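Work through the exercises below with the sequence and the model at hand. Each task is followed by a stepwise solution.

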Amino acid sequence: MTAYLFIFLLCAFKCSSGESKLKFVTMLYRHGDRSPIKAYPTDPYQESAWPQGFGQLSQEGMREHFELGQFLRQRYTGFLSENYTRLEITVRSTDYDRTLMSAASNLAGLYPPNGSQMFHPGLEWQPIPIHTVPQEDERLLSFPLPNCPLYQLLINETKRTKFFLNMTEKYKDFMEMVQNNTGLNLTSIETVWSVHDTLFCEKKHGMRPPAWVTSEVMEKLKVLKNLSFQVMFGLYKREEKCRLQGGLLLDQIIKNFTAVATLNSNEHLKMIMYSAHDTTIIALQEALNVYNGLQPPYASCHIFELNQDDNGSFFVEMFYRNDSSVTEPYRLTLPGCAQQCPLQEFIKLTRSVIPTDWHKECQISSSSSGNDVIIGLIVCGSVLLLLIVLLFVVLYHHSKPANGYSHVINDQS
Ligand code: PT3
């Protein structure tokens, strides 16, 4: 009797909770730990201090991604096939050594070969393709995209906001101190991110910082580094900026979801994996309006899961794994939607940051150049008014009979 009651309750729970099925996963991660991108002129640790030079994935970075791959293997057991199956997954990376190598390390954790897939005795690794395009052709994963005049105008306007000008004033003496100690010519407060980056990498790799680099200095540099991300993708006219940057990646992700939901896609594809940079994650999260204002840590990962519920409808869930010591990644909720956001709602709520024609939108139009256009109109208007006045003066001058002369017709008659 109790057994029947238990089965009845279980069924009632299952029926009311609604079964859903994971259909498709997209993830975007930052590469792992690396050497600095560059050194400042007075830096005691120049490129030769790093085993592979600047901007390269370290062994720590490889381990971080191997661990992320193992985490993904566990999370998607039963969804991904146990053996690597080429049609199930597509991996795309930016064309940098550190992102390509991060993807390779990740896939080593995700797809250790089993039995027949081992091609060399004792080697628990198998090659998995990683796709890329040359840096100059990259339009999906590398932000901010260059050659977009409207975006540049928005950045210039951001730097004229009260907030930015106040920050510039607040950090004036600090900037001067950093310039004097680094030998850099820092033109604007957000350019100081590279000093933080270099010092951060050096400290992480056990290199002793110079005496001027106190913990208070590092804190201030961190504030300015985070400000530089906000300037790029948020802070002022966020939606307009996102249409020209992260909206492009979001557009592609949504197109992939729609293809899965309408069954016109490759039905075998289960996962798309993007390997990129901190700025890629920020651009995407700003477009989704879920950015937490901090630099994404190494190997942090934004996950989209597309599910189908038992009545056939699709919904999107988002997660952010920015702390590998926590077993479950953080849930992210698209503002204005439920945690399990119906796909159509997801599309509707993100429409404002999806460009319809990027090239066209990048051009400076009259409605977008704000003050500059108003000033231009005033100048043009004044010139036009002056020309009209001049014209009237000339016409008036011509129509008036000249003094001392008159036409004499039939003078003699
Ligand atoms: O560390 O994620 C990061 C950075 O984005 C890095 O990969 C990078 O490419 N920085 C660009 C410097 C101009």
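Helices (H or I, at least four residues) and strands (E, at least two) are DSSP runs, numbered from the N terminus. The model is predicted: local features need pLDDT of at least 70, side-chain atom pairs count only at pLDDT 80 or more, and totals for chains, interfaces and linings use all residues. Residues are numbered from 1 along each chain as its sequence is written, and side-chain values use heavy atoms, without hydrogens and water.

**Exercise 1.** Find which residue just after α11 takes a positive phi.

Solution. Start from helix α11, which spans residues 278-287. Just after α11, N289 has a positive phi of about 60°. As for cover, ten of the ten residues of α11 are buried (under 20% relative accessible area; exposed is over 50%, partly exposed in between; 1.4 Å probe, protein chains only).

**Exercise 2.** Identify the strands that pair with β3.

Solution. Two strands pair if DSSP finds at least two bridges between them. Strand β1 (residues 20-30) pairs with β3 in the parallel sense over six bridges; M27 has M273 as its bridge partner. Strand β2 (residues 89-93) is also parallel to β3, over five bridges, and S93 stands opposite S275.

**Exercise 3.** Classify the ring pair of F200 and Y298.

Solution. Rings of Phe, Tyr and Trp (its six-membered ring) pair if their centres lie within 6.5 Å; planes under 30 degrees apart are stacked, over 60 edge-to-face, the rest tilted. The centres of F200 and Y298 are 6.4 Å apart and the planes at 50°, so the pair is tilted. F200 lies in helix α7 and Y298 in the loop between α11 and β4, so the pair ties together parts 98 residues apart in sequence.
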